[in-house]
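I opened a structure that was new to me and kept short notes. They run from the whole chain to single residues.

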Amino acid sequence: MELRDWRGVTPLIATELVGRTVRLAPIDVARQASDLFRANAVDDAMWGFLPYGPFSSEAGYHRWMREAIDMDGTEFFAVQCQDTGRFVGVLSYLNIRSDHGTVEIGHVAFSKVLQQTTGATEAVYLLMKHAFEAGYRRVEWKCDSANLPSRRAAQRFGFSYEGIFRQHQVTKGRNRDTAYFAAIDAEWPALSAAFSGWLAPSNFDADGTQRERLGNLTALVRAASDPSI
């Protein structure tokens, strides 16, 4: 298919993105590192599928954050809870290809406080929304094929399964086969409606229990499902 008018898009940069339950902010080591180190130190298992961590000291975490800011083609965000003001997680854009209009969401390091919450879903939604509204054609999600929680999350968020890249990387001395997922701009209007409906306060009862599952809504949009989930 020829894209006659395609001229590329503007490179994405970290900027403040505000939702109902969370706020995403560009990494600021001085303001955020202490909160994030304390939140992340509760559960070292969260670093199992990431190429770095866990961190034994706050100084080590500070050093990693400073290095992260300088990663080429990567824009990091810190996730701040709207109700407490605490920074409780990190995620990023990476592999930003403005010439092709593609970008990946990764470096997802959500502390126990953020995991499996409305805020965790909204954080991913805000990055997807910002990318597609900036004119990007494709947003990717990739993970170690052994990381079943990440594969489930990708599918729940509406990313379509695209397959496994075998022996793709070596991470922390072990082989990594990488599972590929993506959402494209043609799917975004329906995915955005699914997220908006799920995130609406009316979708939660007085105890905070969801009435409709996000995965049920995004399943109507996904082009392909992960057979392992």
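I noted what I was working with. This is a predicted model, so I kept its limits in view: local features need pLDDT of at least 70, side-chain atom pairs count only at pLDDT 80 or more, and totals for chains, interfaces and linings use all residues. Residues are numbered from 1 along each chain as its sequence is written, and side-chain values use heavy atoms, with hydrogens and water left out.

**Whole chain.** I looked up the helices and strands, which are DSSP runs numbered from the N terminus (helices H or I, at least four residues; strands E, at least two). The chain has six helices and eight strands. Along the sequence they follow the pattern β-β-α-α-β-β-β-α-β-α-β-β-α-α. The radius of gyration is 17 Å, close to the 17 Å that the globule rule gives for 229 residues, so the chain is as compact as a globular protein of that length. That radius is taken over C-alpha atoms, and the rule is 2.2 Å times the number of residues to the power 0.38. I also read the spans of the C-alpha trace along its principal axes: about 50 × 45 × 35 Å.

I then checked contacts, meaning heavy atoms within 4.5 Å. Among those between residues at least 6 apart in sequence, 63% join residues at least 24 apart.

**The sheet.** In what order do the eight strands lie in the open sheet? I read E1-E2-E3-E4-E5-E6-E8-E7, with mixed pairing. Two strands pair if DSSP finds at least two bridges between them. Strand E1 (17–18) and E7 stand at the edges with a single partner strand each, so one side of each has no neighbour in the sheet. Strand E5 (residues 102–110) pairs with E6 in the parallel sense, over four bridges.

**Helix H4.** Which residues of H4 (residues 148–156) are buried? I found Ser150, Arg151, Ala153, Ala154 and Gln155. Their cover includes strand E6 (138–144), strand E7 (160–171), strand E8 (174–184) and helix H6 (214–218). Just after H4, glycine 158 takes a positive phi of about 95°.

Most residues other than glycine have a negative phi, and most peptide bonds are trans. I looked for exceptions. Asparagine 95 has a positive phi of about 50° although it is not a glycine. Asparagine 95 sits in strand E4 (residues 87–97) and is partly exposed, at 41% relative accessibility. Histidine 107, also not a glycine, has a positive phi of about 50°. Histidine 107 belongs to strand E5 and is buried, with a relative accessible area of 16%. The peptide bond from glycine 53 to proline 54 is cis, with omega near -5°. Proline 54 lies in the loop between helix H1 (29–40) and helix H2 (58–69).

**A loop residue.** Is alanine 206 buried or exposed? Alanine 206 is exposed, with a relative accessible area of 84%. I found it in the loop between helix H5 (188–199) and H6. From alanine 206 to alanine 78 I read 29 Å, C-alpha to C-alpha, and 128 residues in sequence.

Note on methods:
Buried means under 20% relative accessible area, exposed over 50%, partly exposed in between (1.4 Å probe, protein chains only).
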